[in-house]
Amino acid sequence: MTTYFLHDSTVLLKRSLRHVLRSPDTIITTVVTPIAMMLLFVYVFGSAIQIGGGSYVNYLLPGILLVTVASGIAYTAFRLFTDVSGGIFERLQSMPITRSAVLWSHVLTSVVANVTSLALVVLVALAMGFRSGAGVLAWLAVLGILVLFTLALTWLAVIPGLTAKSVDGVSGFSYPLIFLPFISSAFVPTDGMPGPVRWFAEHQPVTSIVDTLRNLFAEQPVGTEGWVALAWCGGLVLLAHGLAMRTFRSVTRNRAPH
Amino acid sequence: MTTATAIEIAGLTKSYGDHAVLRGMDLSVPTGTIYALLGSNGAGKTTAVRILSTLLEADGGSVTVAGHDVATEPAKVRESISLTGQFAAVDEVLTGRENLVLVAELRRLNDPGGVADGLLARFALTDAGGRRAATYSGGMRRRLDIAMSLVGTPPVLVLDEPTTGLDPQSRLEVWKIVKELAGQGTTVLLTTQHLEEAEQLADRIAILHEGRIIAEGSLAALRQLFPPAEVEYVEKQPTLEDIFLAIVGHDAAQR
């Protein structure tokens with residue numbers, strides 16, 4: 001059964017990677033929003049933001065990377081939705097394959113596409129003056145956290161991908177995720193925020209993840225914040241995966257015909 | 001594995017919430033026949049097909065495909081049956097050939113490329129094989145769709161309204177394909193709301209109305225159900241359409 005799962009997932013992964021390769025515009029439109037935000041904040045608002053020393057682009061990049069992932073997973077939901085609405089999903093489900101391989105291929109494709117987008121955004125940040133002395137291990141830790149964050153949001157994106165009735169419904173769900181970093185330490189320090197906003201900002205996952213990435217880039221110890229970030233990412237992956245699989249099972253059992 | 005009946009449905013029920021779609025459907029499809037399941041929109045054809053192909057769970061009753069129970073041996077059922085749904089389920093981003101290779105790889109066939117080329121030739125798609133399926137006409141997509149269902153030669157093929165939305169010429173092409181399949185021993189269950197299609201293709205016909213099979217048999221047998229023709233100026237055999245409307249009542253036709 002495991003070998004079938006690996007075989008089926010690999011075959012389907014090749015397929016959906018082809019989709020990404022044949023529409024590279026999906027990568028471009030994914031990175032447009034975060035890059036525009038980065039330009040806007042660094043060159044327009046940045047001079048007015050007090051971050052307590054250091055360059056603003058260095059401060060900003062971790063949050064921008066999370067925005068990139070939030071923007072990228074909209075395409076994961078879209079690709080899955082296209083499979084469901086076009087009947088490919090049902091065709092695959094009626095074939096003698098491991099059924100969940102269909103989801104895993106989309107999830108892994110999402111990771112590949114998002115890591116590509118993240119690399120592009122980092123290149124643009126380097127051109128804008130981002131510098132880090134972080135070593136290989138710290139970069140690997142950054143990559144690990146970003147992949148976990150991508151997995152969490154991707155499994156969440158699977159739910160609208162499976163259940164949405166229209167394309168608008170699919171793309172709409174990612175907007176709140178893109179704006180979540182605004183109420184966190186991603187763009188400005190949380191110190192100056194009024195009480196309840198500050199409380200929310202300091203207790204939502206983005207702040208701990210952003211702070212951890214920032215410390216890794218700045219060669220600072222990540223401390224307990226790092227474990228909090230890891231716990232958020234791991235917990236969100238498990239929760240989102242559980243919810244997505246529950247949706248998957250109920251969809252494959254009880255969906256009425258179109 | 002061959003059994004005398006390819007598909008056996010007994011007392012099948014399915015509701016969506018309060019709405020009962022199948023209310024005790026019985027059907028027996030002999031191996032190697034083309035069997036038409038005829039019914040109006042909403043009669044429950046697609047629901048029955050989805051239960052057969054393990055895409056949907058039944059509320060009650062039993063269904064076996066090639067001797068395997070859909071509830072207890074769904075994996076075996078999926079190895080025996082191939083579904084062509086109402087809308088041509090091809091991957092538009094992939095080429096025609098890549099679509100066929102994909103299915104062949106998933107079915108773990110030895111020579112996916114060879115299987116794909118063979119089917120492209122058989123369905124007159126060799127020239128179009130290297131083009132993305134998005135560029136295909138409706139008829140070509142349907143041919144590719146059916147070709148994908150034939151990868152690995154499953155013994156039972158289910159075609160859910162295979163000619164819906166096709167122009168007359170493409171429809172004739174699909175009919176020709178279906179007739180050839182039956183000649184090779186494949187069991188074909190075909191749903192349709194086009195009476196002419198059932199009349200043209202099917203060895204046996206079942207009429208599904210409001211969730212039950214209300215008539216079943218060969219076209220000749222169904223004709224006998226119809227009241228004897230009265231003497232008129234021109235003697236006219238009742239068409240299947242007449243039979244259908246007489247059996248289900250005219251309210252069905254006016255919906």
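Visitor: When does a residue count as buried, and what share of chain A is buried?
Guide: A residue is buried if 20 or more other C-beta atoms, placed from the backbone, lie within 10 Å of its own; it is exposed at 12 or fewer, and partly exposed in between. This is a predicted model, where local features need pLDDT of at least 70, side-chain atom pairs count only at pLDDT 80 or more, and totals for chains, interfaces and linings use all residues. Residues are numbered from 1 along each chain as its sequence is written, while chains are lettered from A and ligands numbered from 1 in the order in which they are written. Of the 258 residues in chain A, the buried share is 42%.

Visitor: How many helices and strands does chain A have?
Guide: Helices (H or I, at least four residues) and strands (E, at least two) are DSSP runs, numbered from the N terminus. Chain A has 11 helices and 0 strands.

Visitor: Is A:Arg246 buried or exposed?
Guide: A:Arg246 sits in helix α11 (residues 223-254) of chain A. Its C-beta has 11 neighbours inside 10 Å, so A:Arg246 counts as exposed.

Visitor: What is the C-alpha to C-alpha distance between A:Arg246 and A:Ile159?
Guide: In sequence, A:Arg246 and A:Ile159 are 87 residues apart. In space, their C-alpha atoms are separated by 9.2 Å.

Visitor: Why is helix α3 of chain B largely enclosed by the rest of the structure?
Guide: Helix α3 of chain B covers residues 96-106. Its buried residues include B:Gly96, B:Leu100 and B:Leu106. The helix is largely enclosed because the buried count is 10 of the 11 residues.
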